[in-house]
Amino acid sequence: MTKAKVTVEDALAFHMEPTPGKWEVQATVPMATQRDLSLAYSPGVAHPCVSISENPELAYDYTNKGNLVAVISNGTAVLGLGNLGALGSKPVMEGKSVLFKRFADVNSIDLELDTEDTDAFVNAVKLMGPTFGGINLEDIKAPECFIIEQRLKEEMDIPVFHDDQHGTAVICAAGLINALHLSGKKIEDVKIVLNGAGAAGIACIELLKAMGARHQNCIVCDTKGVIYQGRTEGMNQWKSGHAVTTELRTLEEAMVGADVFLGVSVKGAVTQEMVQSMAPDPVIFAMANPDPEITPEDAHAVREDAIVATGRSDYPNQVNNVLGFPYLFRGALDINARAINDEMKIACARALAALAREDVPDEVAIAYGTELSFGRDYIIPTPFDPRLIHAIPPAVAKAGMDTGVARRPIVDMDGYELGLKTRMDPTASILSSINARARSAQARMIFAEGDDPRVLRAAVMYQRQGLGEAIVVAREAEARADLEALGLGDAYDELTIVNARNTPHLDTYKSFLYSRLQRKGFDAQDIHRLAARDRHVFAALMLAHGHGDALVTGATRKSAHILELINHVFDAQPHDGAVGVTAVLNRGRIVLISDTLVHEWPNTEDLADIAEAAAGVARQFGMEPRVAFVSFSTFGYPVSERAEKMHVAPQELDRRGVDFEYDGEMTVDVALNPSVAAQYPFSRLSGPANILVVPARHSASISVKLMQEMAGATVIGPILTGLDHPVQLCSTVSTVNDILNMAVIAACNTQ
């Protein structure tokens, strides 16, 4: 997978737009009436206050404590950047908070403490204990991080977890379980060499010893060499606990005959000669970031039998902490745990290892653009595997219950697992899947409106995120000036700038266009104006001749006019099968509304065509289509000539024998609300509809814009389908991200 290039401009814009920062607070209860206010605050709030004061355990019932984690740092070890201070660490801590929410539906608040005094830090966190269900410590330098975590564990009655230590350790352990399984070795027999005796390294080796690795078989190295019994230079109590009796003094000496290498150190610390000296089927976890101790290419060049993992997403077997901490806390919070202990961490590691050995769902393989199956290049699950949420927390919760740290044990584990499956926002995984598929496609994307700053920025993002080649239709001098004005002058050489003057294909384009339009009232001069001066037609001609793989346009002119221009090159009329489908994302749901672009007033057969086209888009999103033909009436009442075609359209699909669910006509609440739908037990829909086929384009437009303005829904589209080539139209109010999203969808359609 091509690694995305993240620029300073992109990163800063991401953190500034649409609002500064990465999360906000939203109420979970209604606050619309005087009664709501009276219940939420005075006088109603007094009742849960009194109840909690009498029984503190009720805080888990009446407040958000049971699903709230604090991400806390003092900024003394921020990523690989060193001591940036408390305020400098805030973007990282905000990011960690949103990862909790994205991957495990755990609410999280970041707290940056402006102190390097261990006592002050511990006291501050301890005093905030009543607020939270768990504490995630982050980016605190060693050895203070060991002291802080240990004291907080002893003095607090909620889970305290330093992710830099234990998060890495858990994922490392999961990968090692499977690596040893593949090589036919046992953890108690293997020789393990660790390079890097900081927080993560010490945690890794301690967890592996808790899982059965023998102390004498584990050689720990730091910048001074092997940590051996009797060494005094550069030692502390945490390193001393892993000193062994040995004559070995250097990493190079320690690597001879080693079965496992764990690296949490620096780029290039391991040489090919060291790898050659290892035992058969060596396991190499080179986890230094951003560059590993040795690359998989260099390791495999000298040892084809090696199993290699790194911390990078562009190599197989990524040791990624996001596979661990969200699900550890999810399981711990759901039993109101007093701590996260070794048994819970080991349960997490074993559950991750077991998941990697299972068949990989099709949607995960599609998202990553490659076949994934258990083996040397797949020993750890991928971060976007949707099974993580219901596979890992139950194992963690059970281990917590078995070891006595659960305040509220889970009685029905099957029901708990089912609840986890339905807890996550499906739209996040859908969008992640689409982006991964686009990156796999590596499409040459034609951006037709290169004179618009939004389009230029989207093209640069497309290129730099590793999605493929960005081809921009623009004049060279103007594009260069516009990019420089945007602060993206260095991107000019990265983009491919094309126009009628610099292409050698203009005569070919004009000949093709003339053959299509000569009997439609267009003469040679008209053809020249269209092909050479209209960027939309020019871009479509590029696509038609294979000089790009997909096209994005429409940000500067009305979609109906753009569609008319594109129709000069492609057959994009209603009778040609073209359909516009708009995806509406809101509160964890995604609904496709169609037709929002092409058919003004579709007839019965058109409606059936629209349903089939929308079903194809749904499957492209990884959704199983459920189509509702919606109207103001439901199953024949009230009787209306206007609703007749919506009543008859399902019968047309009956005749076609399509392979997806559909029914109608019905009102929107019947289509989307299960309790309302239950009044019609004869409905053929097995659940809420995810595709709404509407009577006309005006009703589709009203529906989409109403959801966008009143409900704050995210809108993607209209997605144009039914053409022979991937073309997507933006709207004139599209943001840079909207344009990029349409490019991503167009790229997916090239596969």
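R330 lies in helix α15, which covers residues 325-334; helices (H or I, at least four residues) and strands (E, at least two) are DSSP runs numbered from the N terminus. The model is a predicted one, in which local features need pLDDT of at least 70 and side-chain atom pairs count only at pLDDT 80 or more, while totals for chains, interfaces and linings use all residues. Residues are numbered from 1 along each chain as its sequence is written, and side-chain values use heavy atoms, with hydrogens and water left out.

With a relative accessibility of 1%, R330 counts as buried, a term that stands for under 20% relative accessible area, as against over 50% for exposed and in between for partly exposed (1.4 Å probe, protein chains only). When its neighbours within four places in sequence are left aside, R330 is in contact (heavy atoms within 4.5 Å) with N67, A104, D105, V106, I389, P393, Y416, L420 and R423.

The protein chain has 32 helices and 21 strands. Its overall values are set out below.

| Property of the protein chain | Value |
|---|---|
| Span of the C-alpha trace along its principal axes | about 95 × 70 × 50 Å |
| Residues that count as buried, of 751 | 52% |

Five strands form an open sheet in the order β13-β12-β11-β14-β21, with parallel pairing, where two strands pair if DSSP finds at least two bridges between them. Strands β13 (496-498) and β21 (727-729) stand at the edges with a single partner strand each, so one side of each is left without a neighbour in the sheet. Within the sheet, β11 (residues 443-447) and β14 (residues 550-553) run parallel and are joined by three bridges, and M445 stands opposite A550 in β14.

A nonpolar core is a set of buried Ala, Val, Leu, Ile, Met, Phe, Trp, Tyr and Cys residues joined through side-chain atoms within 4.5 Å. The largest such core has 96 residues, of which I135 and F285 touch the most other members. Helix α9 (residues 163-183) gives the most to this core, with nine residues. Apart from this core lies another, of 67 residues, among them A479, I497, A555 and A608. Beyond its neighbours within four places in sequence, F285 is in contact with residues including C172, G175, L176, F261 and I379.
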